Structure formats: structure tokens, C-alpha cells
Amino acid sequence: MCGIVSYIGYRPAYDVLIKGLKRLEYRGYDSAGLALIDNQGKLNIYKAKGRVSDLENTIKNQDCIGTVGIAHTRWATHGEPSVKNAHPHCSQSGHLTLIHNGIIENYTSIKQHLLEKGFTFKSDTDTEVLVQLIEYKMLTYDLDLVEGTKSALKHVIGAYAIVVLDDRNPSQLVAARKSSPLVIGIGEGQEEYFLASDVTPIVEYTDQVIYLDDERIAVIERGKDLYISDLENHRQIPDIQRIDVELGQIEKGNYSHYMLKEITEQPRVIADCMRGRISPDRKHIILSAVIDYGYLLVKAKRIIIVACGTSWHAGLIGKQLIEEFCRIPVMVEYASEFRYSNPVVGPDDVVIAISQSGETADTLAAVELAKEKGAFIFGICNAVGSSIPRATNTGCYIHVGPEIGVASTKAFTGQVTVLTMFALALGEKLGALDQAKYEEVIAELVTIPEKMKQTIERNEVVKKLSYVFTYARNFIYLGRGYAYPVALEGALKLKEISYIHAEGYPAAEMKHGPIALIDKEMPVVCIATSNGQYEKVISNIQEIKARDGRVIAIVSDSDTQIRKIADDVIDIPSTIECLDPLLTVIPLQILSYYVAVLKGLDVDMPRNLAKSVTVE
Ligand code: G6P
């Protein structure tokens, strides 16, 4: 939540900052702002409520000169979205300017203290409190910006990634992080530096980056080496890494929305996700994390999956895969509930943390807690170098490339693909899975990218259906077994971007409540492939039809029965039951996409949401 970007170098900073903000807009789009120091050393601040494009419109006739600046796109936490609350925020003297991603939890008591010292505040934000506190420390103890920032941060409880600029010393930026991400890009000859919440604003200029470690402060000066230390002045040698993201991966290309691009990419990225992880003879899964740590994983008495949102749905599928192939009991917990439930977890447990962004605050906190209690932590993440993979003992990246659309699509199928390979690899190690089954699943897994492609090619059917249902007020999604988490995910997609109320239910549970909602106005999406409890799903569909419900069924090509009773059918290629979710979810993604487009909604930036939830 919230995106920050900063630049110091020789280029016009405005261009770097605006482009960077656009790339980070998925993190929040309530307001945006930037601060630049012009060639005469004057600090200029520009802010607008709304999107980055609103900021551009606000300042389009101004010069915006300068080669150093900081910028921010906001997802409101403290204080409504408004110009007053937009970042950057200034200190009382007007010399210090600061951008912040995160939450200062104890800002009320700090603010009270500063009020007593005569400070006044212009916004309702926690961030303004921090910049004022830095100034207070500098003035009271005669400190420079670096020492003042360190001193202030020692009082802060909460999460932050910040960049501070002092207009009296425009050749320096001071940055720090705790529990919120911050990446530093290093330009040629150290003549320029970039700072951002992720690598997307940086990738165009340099491939050399440092993922700032937690609780570190960085002093950045044009033409000089970076100085990184902890708050106690212990210097750290920077670990410079190469970014493996290319510009094409983060641009929309010819697609009207990132979400459509990312849905369409699934055949290719799922092949990428499997690349090198399936032996050429297709008889083995080669996951280095399972090879290296297999001796520990096989001892797990229990596996606990922690995740949020779509990743949690992938976790529910992971539970079924692991229990089927490994015969180890698996619990799937919302990370936010897990961390505050005084969980029974210890050295006999393996905790799997699933997160696309690798930055979700609750998932990260759940990982830290489980680690403290002695569990072994395995991460399944997408964003390379992000906080969760760095906090785990080991793990697998899903390698589906940057996901920018706020509604997660390819990350879900990537997570399910990695969970499938994990369950197969561990099941084989444990001897819980017979060789024939192991090879059958691998052989089928390899065909999935092609079947995904066929599924996407049929999107016209789904598009036509979306016309019919654009103005539906409610939806029910039903599935059993492996299809149940897909029902939840389909309902979530519709809610997120189409703002239509939708509920996912295990099909058999319908009788215990939701059936009361069914009438001829109620579209019911049934995930009803020919696998699993097919006959039982047919009975559930009959129950809906008997009450005049309108059934949209996702069926296998080979289906003969459901197509006779459902009102509408969406065919998908046949596969084995445990791999069905990789295909059945695609028409549900497409349905929600077209419904949102037909309603004229902003698919990539749905209201109130943010892609990376770095606050609790
Ligand atoms: C937000 C996003 C969802 C995502 C969830 C978990 O709610 O909008 O798309 O599933 O966070 O994010 P993570 O990055 O941990 O998978």
C-alpha cells in the first residue's frame, strides 16, 4: 500500500518520478504528490487528490525543474484521501520533506509530545508526525539529517519505508525501512540513484539494485558510495543484485488492461514456472528447495499454510494436493487470524507462506511468529527479493513475472502450479505417492499450458455471457473438492473488480443456507468438471434448477450430462481432478474481467483496493 519513488542524479527528476509513480500506482491511487528541488535550490511541492494522471494535470503548465526529488502515490490509512493528506509532508520549518509507506502506530503519543513542544500540524496523517519528529530531534540535539532520522526512528513503533530530503543539502537523500519494502537502484558510475517500493520504476535505467534490509538506513549522495547501516551505526556492506525483470514485462503492450494481459499470459508463464523443474523424461520433479531441505520437510508432523486473499485460495488447493500426495495433515490459515490467535505451532511444523507480492504485512508477521516458535518456513512468492522470501528458511519462486493488475490472476495459477510440484516432490520423497500416480500427474501437468491456451481461446463464450450478467446484483459460485477454492476465487474476482456481491460455497453446503437465496434472478456458477464428485454436483445443479436458479456450468469437453440441464455451459479441456483448478479458474477470471469492462469500471485499479497490502 502506497508507492514511493525518489531520484537523485543528472536527469530531469520529474520524468523519472512521474513514470515511476505510474508503475507503482497499483499500490494505491487515492492521491499523489512529489517534491523537487530546482536548480536554485528551491523546494517545490505538487499534490493532487486522485490518480497520478490528476497530479500531472495539476502541474502541467509548470516547469518542474530539478534533478533531485521524491514522490508518492497513496492508499489512505490515516486521514481521508485529499490534497492536505497527500505526501510528501513537510516539517514545520519547511526544510524537510518526507514520503512514507507504512503505518506509524504510536503517532498519537508522538504528536501529543510535539504539540506540547509547540509544533503544529497541517494534515491528519501519521507521516507528518514522523517528519516533524525528525526536525524536532535535529533542532533539539543539533543533529544532521542522518542522525536526526536515526534518532526519530528509534521512537517509532510500526512499519515504514521512508525517503527524506532536506532542501539545505539537496545532494543527499536519506532512506530507511522497517517491514515495508525499499529498493535502491544504482546508476552508472554512481552518478545517479533511484529509490522505489519495487523495481518497476528502476528497471528502465539500471539493472543494479540493492534490496534494503529491514531496519536499515541508507544515505544516498550523487557520485558517492552508498552508506548503509542500522540505527546503531553498524555499517553494512551493500549486497548489489541484478534485476531479472525486463521492461516489456511491466508494460501493458497492446492490451487494454494489465488484467487481460496477465490472464492471457498464463500459458506462457506457467510453462516458465515449470521450466527446469520437471526432468526432461518427465518422470521427476526437481525443486531445489525440496532437494536441499527434504531431510527436514519429511519430518513435518503437520503443514500450516498462511496467506491472504487469492493466495489463501491457492493455499486451500495446496492443502488438498499435499494431503492427497504426502498424507501429511495441512491447515490453511488466514495470516491475519493466525498471528493473533496464539497459534499452537512449533519445531514439528512446516509453515508454508504464500504471497504474490512477498510484502503482505500479515503474512510476513505470521512468518516471523512461526519462525520464533521454531517452525521451518517455506515461502511461495512471486516478487524476487521481497520481504517474505528473505524471511523464510527456503522456498520456491513462482516465476510468473510482475503482476500489476490489482486482481490477481497469473499469480494464482503460478502458486497452484508450485504447490502441485511441491506436493509431488515431497510425496515422492516420503514414499506416500505411488510411482504410477506420480508420473501420471507430471505427464498431465506438462500439458496444462497448452490446455490453458485452448481455454483462453474460447473466451468469446464467456464474453457473451458477461453481457447477460453485467447488471446482476448477486452471484453464487459453487464447487466441491478441488473446485471449492476455485468457487471462492471466482467470487472474489467478481467482487473485486465488478463490485457485484458474490459468494463462493462448497456445493453441498448450499442446502444449509444459500439455497434460500435462489430464484430466477440469481446466477449460480457451478464448477462441474467430469472429475471428483460429478454425480453429486449434478444433484446440486438439479436442486438449483428446481428453484428456478440460472445455472452457468464450467464443464469438461467430455461432459454429456450437465450440458443438458445447465442454462449456459463453458467448456474447458479435460484434465485430471487435481489439476482442474488451473483451467477452471480461467473462465471465471475472464467473466469478472468482461463484466467490469462492460460496467465501465477501472479493471486495473478497483476502488478501495491495493495490490500490495503492507498494513495490517
Ligand atoms: C491484496 C490483493 C490480492 C492478493 C492479497 C494477498 O488483497 O489485492 O490480489 O491476493 O492482497 O497478497 P499477496 O501479495 O500476499 O499474495
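Residues are numbered from 1 along each chain as its sequence is written, and side-chain values use heavy atoms, leaving out hydrogens and water. Because the model is predicted, local features need pLDDT of at least 70 and side-chain atom pairs count only at pLDDT 80 or more, while totals for chains, interfaces and linings use all residues.

**Stop one: a pair of helices**

Select helix H3 (residues 107–116) and helix H4 (residues 126–141), whose axes come within 10 Å and cross at roughly 45°. Helices here are DSSP runs of H or I with at least four residues, numbered from the N terminus. The axes are lines fitted to C-alpha atoms over the stretch in contact, with angles running from 0 to 180 degrees between N-to-C directions. H3 and H4 are therefore oblique to each other (under 35 degrees would be roughly parallel, over 145 roughly antiparallel, 65 to 115 roughly perpendicular, and the rest is oblique).

Now show the side chains. On H3, the contact is made by Tyr107, Ile110, Lys111, His113 and Leu114, and on H4 by Asp126, Val129, Gln132, Leu133 and Tyr136; contact means heavy atoms within 4.5 Å. These residues divide into six nonpolar, two polar and two charged (Ala, Val, Leu, Ile, Met, Phe, Trp, Tyr, Cys and Pro count as nonpolar, Asp, Glu, Lys and Arg as charged, the others, Gly among them, as polar).

**Stop two: salt bridges**

Side chains of opposite charge can pair when their charged atoms come close. A salt bridge is a side-chain nitrogen of Lys or Arg within 4 Å of a carboxyl oxygen of Asp or Glu, and by this rule the count comes to 34.

Pick Lys283 and Glu439 next: their closest N and O atoms are 3.4 Å apart in a salt bridge. Lys283 lies in the loop between helix H7 (266–274) and helix H8 (288–297), and Glu439 in helix H14 (residues 435–457), so the pair ties together parts that are 156 residues apart in sequence. Lys283 is partly exposed, at 35% relative accessible area (buried is under 20%, exposed over 50%, partly exposed in between, with a 1.4 Å probe and protein chains only).

Stay on H14 and select Lys453 and Glu457, four residues apart, about one turn of the helix. They form a salt bridge with the closest N and O atoms 3.7 Å apart. Glu457 is exposed, with a relative accessible area of 56%.

**Last stop: a network**

Finally, select Lys261, Glu265, Arg268, Asp272, Arg275 and Lys410, which are linked in a network of salt bridges.

How values were computed:
Helices (H or I, at least four residues) and strands (E, at least two) are DSSP runs, numbered from the N terminus.
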